[in-house]
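Dear colleague,

I am passing on the structure we spoke about, and my notes on it follow below. Please read them with the coordinates open beside you.

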Amino acid sequence: MHEGVTRRTALRLGAGGAAAAYLAACGGGAGGSEDNRILFKTWEDHYLPEQLTEIRRQDDIAVKVSFIDDNLTNLQQLKRGGRFDVVSADALWVPKFRAEGLIDTLDPDDLSTWKNLYPAARNVSFWTDAGKPTCYPHGWSPHLLYYNPDEVTTPPDSWAALLDRKYRGKVVLPKEPNDILAKAGVATGAAKPFAMTDAELARAKAYLTELKPNILKLAQAGTEEVRAFSEGATVISTILGFDLRMEEAGGPKARGVLPREGTIAFADGEMVVASSPKRSLVNRFLEADFQPEWIAKRFLKYPHPHFDEKAYKLLVDQGHGELADRVLYNRPELPFDPEQVALVAPPPNQTAYTDAYNEVFGA
Amino acid sequence: MLRKYVGFVPAALLLGGLFGFALVVTVLYSFWEVSDFEVKANWTLGNYEYLLSVGTYARTFGATLAMVASATVLTVGAAFPFAYWLTRHVSPRWRRPLLVAVVLPFFASYLLRIYAWIAILGQNGAINRALQAAGITDEPVSLFLFNRPAVVLVLVYLYFPFGVLALYVSLERFDWSQLNAAMDLGASPLVALRRVLLPQIGPGVVTAVVFVAIPMLGEYVTPLLVGGTKGVMAGNLVATFFDTGEYSRGAAAALLIAGFVTAALVYFRRSLDLAAAADARH
């Protein structure tokens, strides 16, 4: 699950803040002639409205942003002829876009900022096709187990710990069916949590059935997670920065722990749409978008790790090193370690995943 | 000759173009398959077989019916005395402002209204604060939110105006002198209500039930926000199918619910016709 994913849900639910951000983005970046306009479909943590204003002023590129509902809708919109130039996607959804012929590869030699990336992010096998990258790596975040230290004395450092009956009605999970099944897959030792076999899926389902009495609710949006944590939940499995969001909201304290069995994570990047006629403008936009100064600013607003090493160093120089390390910005290899992290992917047997989810969470 | 149908054209276009087309697509999807996130026109009964063979769906639909029935009874039960009072005891000058007050919540966002209830029912909400202030509880009670009663309560609140409006229209047309006559002839007020008023406003009551119960059957936002894992309704399972690209399963589930609603409407309609026929015989 992705920070943007939860925020887009808030958008769908009519959250004014997100709508305001969208309007700000449109206001800041829209306009300009057809020739210098980039249509950017992404999540809200991938840009800052003031950054788009600056890109317009400095680089004469007008960026019109529209938000992603989810990876699947994103893919389907593009397949049905959605007109975009740059589109973001999560981890193993990127190869799917490539396999469908919807995106082009990038040429790192054309992008002066590419060298700022951590080496671990420069040659990711599933983000490479015929020796060329299929996306510009943006950021990532694992799902941690956050707990309220005032209520929970022994940190729940494993998925198995959540089954303890002392957590009855105290656990919150983000409402993303595939992510929930994949977490259960990690908990029960599935080899590929986003591509489980029937037997693995059955074990994951059994785990969730056992866990269900402990689940207070499946939280729909970022703000819903915060609300649920303030409404009696003591453990929540979500992306990095939840502790900071709770702090900001003035709610109960939250402390995060990486589950022993491993976890799931998002890792996303920007893809160049194959049908875009503005290839050189897109490259100029990507260079402007991935300036370390802006990445550092974006990090401070949405604190999850990025793949840009130069921005990390900048953050350290600015005195934000502790925060950056706390949210694992200095661990760029982690999302690509399958022993510890299962990256978000489209399940090849989606029907089985959806059926399993409904069968657990129905009455 | 054709001129008399001109007025029908906009509705026909709207319903035929939007509702009719969407319905046809939904029916087709329900008999097709999804493969690699795309609907493929491979005919199958598999979606229906799956939904009818897995107990979860029947149980969830049963739970949904129970919640909707409870919420409908409470909504109409609360709306009837209010509409009665409005037509019987409020001067015509004050009726309109009071009716406006009833529909006033519609001016606020649907989500805001639900969130307001979360603020009331939550651990830091008004009820818990009142209980603690009154010394009844020492710490916040988590009984009020994220369960079925919370869903029923919020549904009653959300659909109360529909119930009031449907009943008000019916009561406003009633000739109250008949009620007075019944009581003059010795009927108690309750008997007069039951044997004189209710039979005559039957269609209004049925309309209120239909207006309230049918949209409730399709609810998924309310249970999502206040129901937790205990208050899931059928709409939530349908929504999951569509959210994950399982359009065929979702279409079949939606049609099964729609089929039930249609059957219920036919039943209501027939019972009204039978009641009218019985009245005519007497």
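How many residues of chain A are in contact with chain B, and how many of chain B with chain A? Please keep in mind that this is a predicted model; in it, 26 residues of chain A are in contact with 27 residues of chain B. On the side of chain A that touches chain B, at least two residues each come from α7 (177-187), β9 (215-219), α9 (222-230) and α15 (350-361) of chain A, and it is α15(A) that gives the most, with eight residues. Sorted by class, that side of chain A has ten nonpolar, eleven polar and five charged residues.

The C-alpha atoms of chain B fill a box of roughly 75 × 70 × 35 Å along the principal axes, and of the 282 residues in chain B, 33% are buried. Among the contacts in chain B with a separation of 6 or more, 72% are between residues 24 or more positions apart.

B:Leu158 lies in helix α7 of chain B, which covers residues 148-172, and B:Leu158 counts as buried because it has 23 C-beta neighbours inside 10 Å, where 20 or more are required. Leaving aside residues up to four places away in sequence, B:Leu158 touches B:Arg113 and B:Thr222. B:Met216, 58 residues from B:Leu158 in sequence, is 9.5 Å from B:Leu158 in space, C-alpha to C-alpha.

With best regards

Notes. Residues are numbered from 1 along each chain as its sequence is written. Chains are lettered from A and ligands numbered from 1 in the order in which they are written. This is a predicted model: local features need pLDDT of at least 70, side-chain atom pairs count only at pLDDT 80 or more; totals for chains, interfaces and linings use all residues. Helices (H or I, at least four residues) and strands (E, at least two) are DSSP runs, numbered from the N terminus. A residue is buried if 20 or more other C-beta atoms lie within 10 Å of its own, exposed if 12 or fewer, and partly exposed in between; C-beta atoms are placed from the backbone. Two residues are in contact if their C-beta atoms, placed from the backbone, lie within 7 Å. Ala, Val, Leu, Ile, Met, Phe, Trp, Tyr, Cys and Pro count as nonpolar, Asp, Glu, Lys and Arg as charged, and the others, Gly among them, as polar.
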